[in-house]
Amino acid sequence: MPEPGFEAQPEPEAGRSMVARPGRQVAAPVLAIVRFRLPAGSGETAAAGEFAAGADRALTALGQADGYRAGRLARAVDDPDEWVLVTEWDGPGAWRRALGRFDVKMELTPLLAHAVDAPGAFEVLVGQDGPAVAPRRYGSALAPDAATAAPGR
């Protein structure tokens with residue numbers, strides 16, 4: 001439920017991004033973060049290059065999905081075997097629909113053999129898009145009972 005003073009808007013039509021109107025607040029964008037751990041010592045090898053090329057193709061496929069905002073592949077500065085794929089979406093529905101696309105499955109699935117089991121989708125509740133820009137607060141898109149009403153609970 002959005003905080004008082006913040007109105008959540010429905011997800012946009014296909015291919016349109018969510019833009020806040022003065023006095024209104026959009027639902028929280030979602031950051032999808034997938035961590036990867038390559039085999040020890042492979043961070044500077046051909047295997048790392050192949051992994052990066054696969055992630056590039058996955059980002060290209062994800063970028064074709066409705067609701068996609070941005071994406072990045074990054075490697076840990078202190079451990080070249082640790083990688084992260086970070087994408088930003090208009091909302092949780094856009095992220096989930098993207099995962100169902102055939103081209104995304106074909107490109108992302110091979111990378112998942114190296115995925116670290118950890119939570120991966122996060123609502124952005126406060127964001128700042130530059131050093132001179134005021135932070136923006138977002139309303140949550142989660143249902144009030146999201147923490148208690150889930151499969152297996």
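**Exercise 1.** Work out which parts of the chain the salt bridge between the side chains of Arg-37 and Asp-79 ties together.

*Solution.* Start with the contact: N to O comes to 2.8 Å for Arg-37 and Asp-79, where a salt bridge is a side-chain nitrogen of Lys or Arg within 4 Å of a carboxyl oxygen of Asp or Glu. Strands here are DSSP runs of at least two residues, helices of at least four, numbered from the N terminus. Finally, widen the view: Arg-35, Arg-37, Asp-79 and Glu-82 form a salt-bridge network.

Before going on, note that this is a predicted model, with pLDDT of at least 70 needed for local features and 80 or more for side-chain atom pairs, while totals for chains, interfaces and linings use all residues. Residues count from 1 along each chain as its sequence is written, and side-chain values use heavy atoms, without hydrogens and water.

**Exercise 2.** Find the salt-bridge partners of Arg-69 and say how accessible they are.

*Solution.* First, Glu-88 in strand E3 pairs with Arg-69 in strand E2, at 3.3 Å, N to O. Second, Asp-90 has its closest O atom 2.7 Å from an N atom of Arg-69, and Asp-90 lies in the loop between E3 and helix H2 (92-99). Now accessibility: Glu-88 is partly exposed at 25%, but Asp-90 is buried at 3%. The cut-offs on relative accessible area are under 20% for buried, over 50% for exposed and in between for partly exposed (1.4 Å probe, protein chains only).
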